[in-house]
Amino acid sequence: MANAMDFGHLPSPADPTRRTTAVRIPFPALLNPHAERARRHTLQWLLTTGLLDGEDATAEYDPLRLERLMAYFYPTANAADLELAADFNAWFFIFDDQFDGGLGMRPRAIERLVDSLGRIMTPDDTVPVSSPPLVRSFGDIWRRSTAGRAPHWRRRFRTHWLAYMAAHQGEARNRNADGLPTPEAFLELRRHSIGVQPCLDFTERCGGYALPDELHGAEPLREMREVTADVVIFVNDIVSLTKEIAAGDVNNSVLVLRGHKGCSLDEAVDLTAALANRRIARFGELAASLPAALHARGVPAEVRGHIDHYVEGMRHVMAGNLAWSLATSRYDERGIAAVSGGRRRPWGALASDPDAPATPPPPRTAPTDLPSQRTAPHGGL
């Protein structure tokens, strides 16, 4: 990859398991009993769609155990819904891995890719026959996820997918920039690129309901979704820190905080964990205020039950993300080796770009230390 920064001078941080012990998520991580069935289904789906090609790619993909992340997110989903969730989560991660190469430095190329995917999410769900596997497979996920669903839920789902995809353009700009983004700008972008909102939409699908727009977009649910995304971001950025240093990627809140505060890497990890804990405490406050807010709005009992399921789904996402992150091979020594020294995953070049340079530009070298920035105002990282 043409890295935005060379982090070779940074000391190696402590292992992810120890680094996340400071994050206190008071919700249990529950595993769906259909996880193994979802694993087998999604491996076959990946081979059928061409997202994986051959035994070597499958052998590298399978230890990631991405289906278990969905089994934590949706512990009560039926087998068919969990299989679909595992498919779209596999697509999430394979899409994300496209940007470990030169594509991750080219916002215009990413825009073309996002446009081709966005054209699928239309009323007729048309996918051109000539589309590459990354596009065709997304079309399959979109059709299966939205079939028979309420129009307003479908619109929300599309909006969140588009925001997730488009955020990769902003991350490409961060990689090309001379310095780090401000904490506020970074977090605003990261809340989209983390992909939590489509996952929360799927919580509704698993529950067989679609929250009314006027409740979904109102407080405190809006802030609770934001808090959920932030907790996932901070945990992910802690556990993936060593991997992203190896890849030279600046899109990590620990690295942004380190440059912003002028502190050590371990101090930035501690600050990130403290931010996660404050967000978790805030989630508790908002959840406690929710019954009174719903009562004041005169929300019917059936809808209140749906909201209870939705809020519980946010808890599953926070707790499940931490549990899975500490067990997957994505962030251990194998995951670090997979992106070190310019190596890419076997599925990392599915989004070919005809306008790409014949050879990638040389890596850019960072200064001997990341730049310090001014202190963020209240409410930032």
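Predicted model: local features only at pLDDT ≥ 70, side-chain atom pairs only at ≥ 80, totals over all residues.
Figure 1. Which residues does Met-165 touch, leaving aside its neighbours within four places in sequence? The contacts are Trp-91, Phe-95, Val-114, Leu-117, Met-121 and Phe-138.

**Figure 2. The largest nonpolar core.** This core holds 109 residues. Phe-88, Trp-91, Trp-161 and Met-165 touch the most other members. Helix H15, residues 265-297, gives the most to this core. Its share is 12 residues. In soluble globular proteins, nonpolar side chains tend to be buried together.

**Figure 3. Helix H6, end to end.** Helix H6 runs over residues 107-118, which makes 12 residues. At 1.5 Å a residue, H6 should span 16 Å.

**Figure 4. The buried residues of H6 and their packing.** Pro-107, Ala-109, Ile-110 and Leu-113 are among the buried residues of H6. Val-114, Ser-116, Leu-117 and Gly-118 are buried too. Which helices do the buried residues of H6 pack against? They pack against H5 (79-97), H7 (133-146) and H8 (151-176). Two of the buried residues named here, Val-114 and Leu-117, are also in contact with Met-165.

**Figure 5. Thr-146 in helix H7.** Thr-146 lies in helix H7. Is Thr-146 buried or exposed? Its relative accessible area is 1%, under the 20% cut-off, so Thr-146 counts as buried. The side chain of Thr-146 reaches the backbone oxygen of Trp-142 at 2.7 Å. Thr-146 and Phe-202 are 56 residues apart in sequence. In space, their C-alpha atoms are 10.0 Å apart.

Notes. Residues numbered from 1 in each chain as written. Heavy atoms only, no water. Core = buried A, V, L, I, M, F, W, Y, C linked by side-chain atoms within 4.5 Å. Buried < 20%, exposed > 50% of the residue type's maximum accessible area, 1.4 Å probe, protein only. Helix = DSSP H or I, 4+ residues; strand = E, 2+ residues; numbered from the N terminus. Contact = heavy atoms within 4.5 Å. Expected span 1.5 Å × (residues − 1). Polar contact = N/O pair within 3.5 Å; in protein donor to acceptor, adjacent residues only side chain to side chain.
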